[in-house]
2 protein chains.
Amino acid sequence: MSNRNFQRLLAAKWAEGKFLCIGLDPIHDKLPDFLKTGNISKELFEFNRDIIDATFDLVCAYKPNTAFYEAFGDAGILALQRTVDHINTVAPDVPVIIDAKRGDIGNTNQRYCEFVFDHLKGDAVTIHPYLGREAVQPFLDYSEKGIFVLCRTSNPGAGEFQDLRILKTETVPLYLQVADNVSRSWNENKNCGLVVGATYPQEIGSIRAVAPEVPFLIPGIGTQGGDVEAAVKNGRNSDGTGFIINSSSGIIFASSGPDFAEAARKKAYGLNHEIRAVN
Amino acid sequence: MSNRNFQRLLAAKWAEGKFLCIGLDPIHDKLPDFLKTGNISKELFEFNRDIIDATFDLVCAYKPNTAFYEAFGDAGILALQRTVDHINTVAPDVPVIIDAKRGDIGNTNQRYCEFVFDHLKGDAVTIHPYLGREAVQPFLDYSEKGIFVLCRTSNPGAGEFQDLRILKTETVPLYLQVADNVSRSWNENKNCGLVVGATYPQEIGSIRAVAPEVPFLIPGIGTQGGDVEAAVKNGRNSDGTGFIINSSSGIIFASSGPDFAEAARKKAYGLNHEIRAVN
């Protein structure tokens, strides 16, 4: 495990033509009935396990969002641990992005690092930029991990602060300033990425112009309405790679019956095709 | 529990002249040796329990930071649950602020609400503003809880983005724009607060001018070097209340011996005095 490097794992998947990431966000109410045995930890894990077993050859990464597990306290965190362990066991070549959107002062961030990197053994994490580089340096110091900084988020209200114009020689919106700082300063260990919502394809293009080499984690296709083609065209780098298209509900809840894992595989397969078909 | 309201609990403590909040951040390496029995969950909980038992009559709130518990996975989350339960049992009049600094898109934030409010039964939470009001609305909808929005954080690098000037008719730094939006728009349910670091007393004053009625959660005295008098003078509202002074390590690690709880009480007592002594 000591040679495990997120950027290398990701590049290997891109070289195989894989850009799809499955968001393992098990909304408990939406789990297939037959899985609901009354043991929440078991239910969440078995749902994920079956999805993983049916899809790991199709994806460049998995992305569990911690919120869906925290909602069930320690039982949920246990299910999250088991999920990451399972991916590391059956698909050690597929990196795991812990979507935790953490961000505190420096000393506290060191504890978050212990949670996502040491305890869960994740390969990458999502973080908030608001407290500045000095606070997030503990994350940046993990040179073998991936650190995805929120930049232009996918939600309808993203512009409230992100679009505020920053006074410089010419005005720049805040989200572009975040991209600029991450690309030119935070990325010393070449381990940073940016989170950019598929729901804002023009902004994705502007961010790519400012940060030509940083990988993009792109949520927001599917339920949130983002377009795959626009996301890929605006998000890819000059090599045609450098992006991860995330889909969660659209894949894992494609079916609520006993065939849910097979249905997830079909959906993932189709999305892969759609991504590769972009000129 | 259904009539439990954070603002009312806090106001009652302010009326008793209590403004000190103890940060329950149990750095495992710093726990007294005699507590280290090999069961991490038990160690973290028993440390907290003894601190709480020795101090609950002195404080206006407790503030556990989730990072210190997450670092130990499900065992840590269990200790956090037991800690909040203990406060609700021995000191039901003392509100609990879950310092989680969460912030995701809307649907996901609903899960975070389930974690901090339903599962942990916390009375308040800290959140990131970056995704905008639309995303954090699930938090704001909990009208009986307290929602503390990060504004001017206490760390040395806080200014990297927070000080960026926003172009308006006159320029305004981003952190003041956050305060303005929270005070005039997000606070419809009168349940919002702002996190403002004691390490930036002038900024605290500017924020108070923009947000006269919103409670301030003020970390950063003690280890981080903030001054109590400056924080109180700049942070209090026109009634002389409206602020919470947080201290963690300075209190809970005042001693590493078997007298750690008594030492914590002494420190808390002294800080209370220092706060009340401000003219």
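## Close-ups of a two-chain model

**View 1. A salt bridge links the two chains.** The side chains of A:K101 and B:D104 come together in a salt bridge, at 3.0 Å from N to O. For a salt bridge, a side-chain nitrogen of Lys or Arg has to sit within 4 Å of a carboxyl oxygen of Asp or Glu. Between chain A and chain B the count is four salt bridges. Helix α5 (residues 106–119) of chain A gives six residues, the largest share of the side of chain A that touches chain B. Helices here are DSSP runs of H or I with at least four residues, strands are runs of E with at least two, and numbering starts at the N terminus.

A quick note on the model: it is predicted, local features need pLDDT of at least 70, side-chain atom pairs count only at pLDDT 80 or more, and totals for chains, interfaces and linings use all residues. Residues are numbered from 1 along each chain as its sequence is written, chains are lettered from A and ligands numbered from 1 in the order in which they are written, and side-chain values use heavy atoms, with hydrogens and water left out.

**View 2. Here is where chain A meets chain B.** The contact (heavy atoms within 4.5 Å) takes in 57 residues of chain A and 56 residues of chain B. About 4900 Å² is buried between the two chains, and carbon and sulfur atoms give 62% of that. Buried area is the accessible area (1.4 Å probe) that two parts lose on being put together, summed over both. Look for A:R111, A:Y130 and A:F161: they supply 18% of the area that chain A buries against chain B, more than any other three residues.

**View 3. Zoom in on B:T153.** This residue lies in the loop between β5 (146–152) and α7 (159–162) of chain B. B:T153 counts as buried because its relative accessibility is 4%; the cut-offs are under 20% for buried and over 50% for exposed, with partly exposed in between (1.4 Å probe, protein chains only). Leaving out residues up to four places away in sequence, B:T153 touches A:L131, B:A158, B:Q162, B:G197 and B:Y200.
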